[in-house]
2 protein chains.
Amino acid sequence: MSDELSSDQNHSAKGPPPRSDEAKVAPKAVVNRLSLYLRELQRIEQSGKETVSSSQLGKLLGFTDAQVRKDLAYFGQFGHPGVGYRCAELVAAIRRILGTDREWVVAIVGVGNLGRALLGYKGFRPQGFRVAAAFDSDPSKVGMSFGGVAVEPTTALETTVRERGVTLGLIATAAEAAQETADRLVSAGVVGILNFAPMTLSLPPGVSLVGVDLATELEQLSFSVANSQAAVATEQSDPGPGVAR
Amino acid sequence: MSDELSSDQNHSAKGPPPRSDEAKVAPKAVVNRLSLYLRELQRIEQSGKETVSSSQLGKLLGFTDAQVRKDLAYFGQFGHPGVGYRCAELVAAIRRILGTDREWVVAIVGVGNLGRALLGYKGFRPQGFRVAAAFDSDPSKVGMSFGGVAVEPTTALETTVRERGVTLGLIATAAEAAQETADRLVSAGVVGILNFAPMTLSLPPGVSLVGVDLATELEQLSFSVANSQAAVATEQSDPGPGVAR
DNA sequence: CCTTGTGAACGACTTCACAGCC
DNA sequence: GGCTGTGAAGTCGTTCACAAGG
């Protein structure tokens, strides 16, 4: 399957300007940068500044001012000419766009080194993600608690996920168990999966997937170094230019 | 993106087609997929298959056959018409391209939950990355050992990095310490950094950076779910631009 | 002045479609 | 028959540059 869906139609013949209101789905690269903007804005807000201009924000992240404005403009008009963007306002707007203005209940499957790190990670809560359950098939881990979450046997996955209203699943199992874990999470009602297992998953339409493979990330770095593509990429996705000089 | 290195400047006015030979640097998106192809190929090889066609490989990952062929063609001719690609051959070629046909020596700074997970991660070694050092500023952690690597005080960073020939640094510190850590790694000779701290880093030109922010990844998932952009992409991160200078 | 929002130009990436080879 | 490599066409994303607002 291809990644995008065919969601929106496009078919303007030629003559009249296609006036499609609304519905212009945002490029993935844009959404990626949105997270970066949010992170930076929260830091700026913390420092007491009330507003930022697109060029200031851009400079902090290595983007052009035009890029910043264009990105934000995909979702509405948040700026104030002559002033810039008010941090608090923009932070709220971006969180709304990303869907993190509400709380997402997440479950972690696989309590190995990585699963434990995720259970103990302090950065999720403030961004709207609450880890409410953890599962592992190893009986010796069941009953232990990490980051305030008790480990349950994998057999309890479906019932616990349903009972606690878990909507996102985080897979930190071995590659071999990843697909089955995904299937079970989906059947229990999870609508999005963040996969850390070095394995390609296939999911039914309607379920979102984001994958993070640690070895793969290092490979990207290796290539980058081997080709001296300096550049600075701070996060994921997006091709961006910018080398600096 | 400026994938170009600074080597050549561009400035063709208009007239004659710019004839840049050679030097067509691969799109970053392509390099990203290369890692995915590699992972899949290794699995296929393991299963005993000798060859794969672009359409088979594409189907496994959710890409079109043309995409797979085009991606590989950026780097040379690896296929055999009528046959497909020989797995072993292609695996070797991709590793060479990514630069993982040799061993990279890496160091991890910050031995918190995440740092320990990275130290214990079994997936690095087989892909060409050897973790040779770990540092933490907390004296109570110094001397402990994880994944066979002893934790050293951060004060030893420069000397140890140099002595062991570390070339890549992995930052798993708190956001506040990330920039200073990066600066020290760079000054000790590291040429690439994989940053897990939720913080934008700025590095001198010539040093590569890849960033992974766990909260950010979840935000992408959140957006995806909120917009039902199903998608099955097993990708992981990717680049971002960055500041430099 | 400053800064945003945006059409239009530009360039980057992807898909198509087919010639050539097994 | 099956399959790759690749120009050509098309789509998508970024940069430019400027009108309009505080």
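Two strands are taken to pair if DSSP finds at least two bridges between them. Helices (H or I, at least four residues) and strands (E, at least two) are DSSP runs, numbered from the N terminus. The model is predicted: local features need pLDDT of at least 70, side-chain atom pairs count only at pLDDT 80 or more, and totals for chains, interfaces and linings use all residues. Residues are numbered from 1 along each chain as its sequence is written, chains are lettered from A and ligands numbered from 1 in the order in which they are written, and side-chain values use heavy atoms, with hydrogens and water left out.

The sheet of chain A was examined through its strand pairs. In the hairpin of S5(A) and S6(A), two residues lie between the strands, and Gly147(A) takes a positive phi near 60°. S5(A) and S6(A) pair in the antiparallel sense over two bridges. Ser145(A) has Ala150(A) in S6(A) as its bridge partner. Seven strands of chain A form an open sheet with mixed pairing, in the order S5-S6-S4-S3-S7-S8-S9. Its edge strands are S5 (145-146) and S9 (208-211) of chain A, each pairing on one side only. S4(A) and S6(A) (residues 149-153) run parallel and are joined by three bridges. Here Ala134(A) stands opposite Val151(A). Six bridges join S3(A) (residues 104-109) to S4(A) (residues 129-136), again with the strands parallel. Val106(A) faces Val131(A) across this pair, standing opposite it in S4(A). Strands of a sheet pair through backbone hydrogen bonds, either parallel or antiparallel.

The nonpolar core was considered next. A nonpolar core is a set of buried Ala, Val, Leu, Ile, Met, Phe, Trp, Tyr and Cys residues joined through side-chain atoms within 4.5 Å. Buried means under 20% relative accessible area, exposed over 50%, and partly exposed in between (1.4 Å probe, protein chains only). The largest such core holds 54 residues; Leu118(A) and Leu118(B) touch the most other members. Contacts of Leu118(A) (heavy atoms within 4.5 Å) include Ile108(A), Phe124(A), Leu170(A), Ala172(A) and Phe196(A), and also Leu214(B), with residues up to four places away in sequence not counted.

DNA strand C is surrounded by 23 residues, of which the closest are Ser54(A), Arg69(A), Gly79(A), Tyr85(A) and Arg33(B). A residue is near the strand if one of its heavy atoms lies within 4 Å of it. Sugar and phosphate make up 65% of the atoms of DNA strand C that come within 4 Å of the protein. Helix H3 (65-73) of chain A and helix H3 (65-73) of chain B are the elements that give two or more residues to the surface near DNA strand C. H3(B) gives the most, with four residues. A side-chain N or O atom of Gln77(A) lies 3.2 Å from a phosphate oxygen of DNA strand C.

Thr200(B) sits in the loop between strand S9 (192-195) and strand S10 (208-211) of chain B. Thr200(B) is buried, because its relative accessible area is 10%. A polar contact is a pair of N or O atoms within 3.5 Å; within protein, one must be able to donate a hydrogen and the other to accept it, and residues adjacent in sequence count only if both atoms are side-chain atoms. The side chain of Thr200(B) makes such contacts with the side chains of Glu40(A) at 2.7 Å and Arg39(A) at 3.4 Å.
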